[in-house]
Amino acid sequence: MEEYLEEISRIRDELEKHPEGLSITDIAGLLGINRNSVAKYMDILQVQGAVDGRKRGTSKVYYISHRMSADSLRKVCSQPFVTLDQDGLVTDNNQQFSLLTGISPEQLPGLPFDKLPLRSLEGGTAQQIFRTALKGLEQRVHAQVALGSEEHPVNLFLVPLVFSTGKPGVAVIVDDERTGNASPPAAALPEFRVILDNQVEYAVRYSPEGIIQYVNEPYCRAISRSREEMIGRPFKHLVSADDAERVRMNRTRLSPRYPAGMIEFRAIMANGEARWQRWWDRALFDDRDQLTGYFSCGLDITEEVLVRTKLKKTQDMLEETIVTRTNELREINRQLYDEMTRRETMEQQLLLTQFAMDNAADMVFWVNRNARVDYANKAAVTGVGYTAGEMPDLALGDVVPVPATETWGDTWEHLKREGTITRQTVMIRKDGTKMPVEMVLRYLEYHNNEFVCCFCRDISERTRMERTLHLANKKLNVLTSLTRHDIQNKVTVLLGYLGRARKREKDPVVLEYLERQEHAANAIRDEITITRDFKDLGADPPEWLNIRNVVAAAVTRYSDTPARFSVDLPDLCVYADRQMERVFSRLFENAVNARHPPQAIHVFLRAEKERRVVAVEYDGPGIRPEDKERIFDGGGEAYGQRGLFILREILSLTDITLAETGEYGNTIRFEIGIPPVSYRQNSGNGA
């Protein structure tokens with residue numbers, strides 16, 4: 001136990017040397033004591049009220065404190081008192097305090113300090129005085145006790161306490177002036193000293209050499225020393241060297257003409273806390289202008305400095321915010337100017353677009369969901385023969401009849417799904433005449449408004465030309481059919497004579513010549529057969545064909561062959577030439593007429609990004625990689641090779657591709673690639 005007392009004494013001595021406070025780590029390092037032991041000793045000292053602690057950053061520092069034990073207060077104090085915990089709640093009181101305030105002893109415990117009938121007349125609010133005393137600084141203030149409608153003056157002494165748990169507290173001792181227990185110094189000192197002792201400001205009187213002759217109670221409390229300890233000692237502020245020189249210069253320049261001066265600085269208080277203070281130094285001169293001493297009056301302005309600092313920071317932040325907002329406003333103005341310029345440009349573009357739309361060569365109608373015309377350009381008004389005032393009363397069906405198999409609602413829903421419909425139809429003018437047109441319907445949505453933009457182009461001239469061209473092609477087909485028939489007859493006769501000649505001729509050289517001639521005649525007949533099958537290629541415009549129906553029609557031609565057909569195709573429409581059925585028919589014919597016909601032919605569809613690919617696949621020797629493209633060049637004499645060239649040409653009319661992608665030695669696979677614009681889900685327009 002003696003060893004512990006020695007170490008505790010060493011800790012107290014070290015804390016005396018460091019009034020700013022030390023952490024447990026600092027004490028352990030200075031004294032060479034284990035940190036856990038130091039923590040235990042600090043708990044003992046806190047319970048004794050010998051030290052206080054406070055947070056500094058992430059650690060806790062301890063410093064010397066002179067707190068009274070709460071358990072001893074009741075034994076030594078005969079005046080009215082009440083004890084408060086660190087939250088400002090009443091924990092104990094004596095009978096005198098209950099009688100003074102008129103509150104029963106049972107009601108006082110747990111009552112907040114600021115709810116007691118005590119009104120401070122100086123030193124700040126009740127909470128400010130309480131917090132100051134809780135930090136370890138005794139407080140003495142004038143106050144009033146309120147009993148009903150009456151109030152009478154008292155002196156309050158707030159004394160720092162420590163409870164048995166080691167937690168800090170405050171004792172409030174009441175000096176009731178009516179009981180005659182007022183402090184004796186008030187009657188013994190001159191009246192002005194009593195006044196000074198009851199002020200918030202610090203007051204110090206000292207000689208020209210700086211020796212203290214008088215100091216008031218507020219300053220004694222601030223530096224935690226008694227008046228007796230300070231009188232006769234030099235008066236010095238605990239400040240930095242630079243501030244000490246400023247204090248000295250402030251006093252040096254005082255003169256009878258300018259006897260007073262003010263200075264502000266940051267001083268270190270007894271508990272190690274740095275506080276800002278403002279001091280008025282006044283030099284005292286006799287009637288001969290000889291310096292007889294100084295009288296300094298100080299005031300704690302820490303809160304004011306903090307407010308000023310915060311105000312400065314706020315001002316700086318405000319100025320920075322103003323600069324930032326100004327820059328933002330400039331940027332917004334610049335963006336606004338750009339937006340105005342952009343909108344002006346857009347307005348000009350819109351006016352130009354409107355002018356172009358109004359004066360477009362094609363007829364343009366805007367049609368709403370109810371099939372009513374909301375807008376028609378000049379070409380449309382002229383084309384249909386109605387006036388501009390009559391157009392809003394028209395329905396699109398009055399001008400462009402909807403097919404009997406459809407309704408406008410069906411067309412609208414189809415447009416919402418697909419976006420666009422293109423068709424050739426006739427337009428009925430006001431006078432009843434009909435005009436062939438090519439019509440493009442486009443579904444549009446703008447700001448939640450739905451409408452269909454209808455573009456119509458007069459194709460009367462093109463229809464006449466197509467009719468003329470079709471008639472010419474028809475006559476040409478008749479001529480070529482007659483010519484082809486005559487050539488086939490003559491080739492048949494030629495082959496008959498060549499056969500007879502080969503039977504009679506014995507010369508091998510002549511026989512070789514005859515065989516070559518017969519082979520050439522057969523090739524001519526095959527070429528004529530190809531031209532017969534594809535004589536109508538391109539004669540009619542492409543149309544939407546149901547791919548499943550097209551393949552099914554081609555399969556029926558080879559139903560009596562040994563090959564089994566497997567067709568796995570969706571209900572898909574393809575925009576292609578009417579000869580597309582012959583494409584599949586020729587591919588099937590090449591398969592079943594091969595040297596080794598396949599047992600099964602598979603037709604299926606697969607997706608390849610946005611394209612759709614229809615594949616015709618069967619077992620076979622396959623095509624060598626170097627020949628996969630050569631078989632489509634049309635330069636070979638083989639019937640199948642020349643036919644593949646024509647098949648590719650048929651498909652290319654609508655940008656559909658044909659390629660062989662099978663595995664050489666195992667599989668033959670012809671793939672028909674359909675671009676996105678050439679397929680759609682079936683909408684009833686199948687072949």
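S59 counts as partly exposed at 30% relative accessibility (buried is under 20% relative accessible area, exposed over 50%, and partly exposed in between, with a 1.4 Å probe and protein chains only). The model is predicted: local features need pLDDT of at least 70 and side-chain atom pairs pLDDT 80 or more, while totals for chains, interfaces and linings use all residues. Residues are numbered from 1 along each chain as its sequence is written, and side-chain values use heavy atoms, with hydrogens and water left out.

S59 belongs to strand β3 (residues 59-64); strands are DSSP runs of E with at least two residues, helices runs of H or I with at least four, numbered from the N terminus. Between the C-alpha atoms of S59 and W412 there are 76 Å, at a chain separation of 353 residues.

N250, in helix α11 (residues 241-252), is buried, with a relative accessible area of 1%. Beyond neighbours within four places in sequence, N250 contacts G261, M262, I263 and D281 (heavy atoms within 4.5 Å).

The whole structure holds 17 aromatic pairs (Phe, Tyr and six-membered Trp ring centres within 6.5 Å; stacked under 30 degrees between planes, edge-to-face over 60, the rest tilted). W544 and Y575 form a tilted pair, 5.3 Å centre to centre with 50 degrees between the planes. W544 lies in strand β21 (residues 543-546) and Y575 in strand β23 (residues 572-576), so the pair ties together parts 31 residues apart in sequence.

Two charged ends sit over rings (NZ of Lys or CZ of Arg within 6 Å of the ring centre and within 35 degrees of the ring normal):

| Charged residue | Ring | Distance to ring centre |
|---|---|---|
| R648 | F632 | 4.2 Å |
| R680 | W544 | 4.1 Å |
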